[in-house]
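Have the sequence and the 3D view ready.

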Amino acid sequence: MMKAALQLSRESNTPVYFLREPVSDIKNVILSLEEINTDKFYIFIDKIESMHKELGELLECSNVSNACLIFSERINIWTRRVRDILGQHTSKVFDVKRIVKDDASEILEKIEKFGPWTRLQRMNESERTNEIFHKADRQLLIGLMEATTGVGFIQIIRNDFAKIGDDSHAKFLVLVGLASIHRSTISPSIVGRALVNLAIAEDVNILASEVEGIVLSNGGKFSARHPVYVRELFEKIVGADIIRDCLISLLTAYADYEAPVIRHVGKSDGVVFKSIINNRFVKQMMRNDESRVRAVYGAFETTFHVDGLYWLQYGLALRSFGHQSEALEKFITAKQAFSSPQIEHAYAQQLLIIAANASNWDDAEPLLAEAIKSFRSLNTVGWEGDSYPIVSLAEGHISVVFRFQGLDEAQKLARIYGNELLAARKKGSNERLEEAVNNVMTFATTGVWKEGAQPDYLDVD
């Protein structure tokens, strides 16, 4: 993205702007640039997800006539969240995935001209291509480092980490890495508070200078070398207990802000908080170890007691470990702390999960009724682009009826929900909604779910 912006700036007389990280009000930024540019200009935005709803609102309601926006995002986030809102305004989509074999020769030409060529010079053309394309599984960054050094990517990172310094330097890198793994920067003030929480007294700027090259400082904020580098570091080299301690200390640093935290920090720091408290990320970093995950969330039951996002993620983590009643308690607390569509959705879905696993209809029926009421109060078309209340309601309601009232009643209900899902699809769709339409309609006519697509709710005796 940065290279494309730089090249466009050099080759045209058109103003080009590059936005490296999220800003608090993207609408005002673009409208201000509209005011000072009387003709066409370009804005490159790296990682659009945290601003895509605001941008969608701007494009829907305002006359943005001069701005040409070029943005990037991970393919899965584009598909699940961003496309539903920005897709209609996007004239061209480019998929940049792994390198193809034809790329290897051009990459090698650049390395020979500008990079470390000593090792590759001794090889023939086929061997060089193999180094770039095959050995690194077609991932460009890994391929370049391995091909030019002759050392495996993991060993490169392992060597870096072993030589980084003492415990304070290692934990400083982990703290910054917790932001960089999400392709975001982090403020020195938050990192500094996290270091204090770890009983590390060294000045944050001195630590940064001592690990220069691995931790970068740009625009007054810190980032680690590369998200791929950090992911490999966390998954294969740094112990889970160290990551747990650093994660708790970093979350504790955010506790100094008023709840809900995400509304009282800068945009990029808010992205970091939202990302590191996410249950899937915490589980991944804790090697799916329940005791470690509980240690992370359990440390903040008092600190974040009025932050709905915290309780939501805590509940989702407990759900994933099968503690359904305990998860429901967290969702109820989340509703009391700060209600949102996401929290309401998780609460209603949890009621359906417990109802589907109830021992009898008398226990299941009131849970089902409350779940239906909660789902019906939400926008049934969808929120956040990838979670449809009507999908969760349809699949969950059908499953409960199927268990307690039999196949015939469940199929009747499926036909009703099939029509609702078809109506929702007319207003906008994605893969999840399409899957639900196909599965519910198939169940309504045949009494079976497509193989491999049966919802968790129906996985009961």
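A residue is called buried when its relative accessible area is under 20%, and exposed when that area is over 50%. Please keep in mind that this is a predicted model.

## Aromatic pairs

By that cut-off, Tyr310 and Trp311 are both buried. There are 15 aromatic pairs in the structure. One of them joins Phe172 and Phe222: the ring centres are 5.6 Å apart and the planes stand at 85°, so this pair is edge-to-face. Phe172 belongs to helix H10 (residues 167-180) and Phe222 to strand S5, so to speak distant parts of the chain, 50 residues apart. Phe172 and Phe222 are both buried.

Tyr310 and Trp311 pair as well, with centres 4.9 Å apart and planes at 65°, which makes them edge-to-face. They also belong to a cluster linked by ring pairs, whose members include Tyr254, Tyr257, Phe273 and Tyr314.

## Charges over rings

Lys92 lies over the face of Phe94, at 5.6 Å from the ring centre. Likewise, Lys335 places its charged end over the ring of Tyr347, 4.6 Å from the centre.

## A hairpin

Strands S4 (residues 215-218) and S5 (residues 221-224) pair in the antiparallel sense through four bridges. Across this pairing, Leu216 stands opposite Ser223 in S5. Two residues lie between the strands of the hairpin, and Gly219 takes a positive phi near 65°.

## Cysteines

How many disulfides are there? The count is zero. Cys68 is partly exposed, at 26% relative accessible area, while Cys246 is buried, at 0%.

Methods. Residues are numbered from 1 along each chain as its sequence is written. This is a predicted model: local features need pLDDT of at least 70, side-chain atom pairs count only at pLDDT 80 or more; totals for chains, interfaces and linings use all residues. Side-chain values use heavy atoms; hydrogens and water are left out. A disulfide is a pair of cysteine sulfur atoms within 2.5 Å. Buried means under 20% relative accessible area, exposed over 50%, partly exposed in between (1.4 Å probe, protein chains only). Two strands pair if DSSP finds at least two bridges between them. Rings of Phe, Tyr and Trp (its six-membered ring) pair if their centres lie within 6.5 Å; planes under 30 degrees apart count as stacked, over 60 as edge-to-face and the rest as tilted. A charge sits over a ring if NZ of Lys or CZ of Arg is within 6 Å of the ring centre and within 35 degrees of the ring normal.
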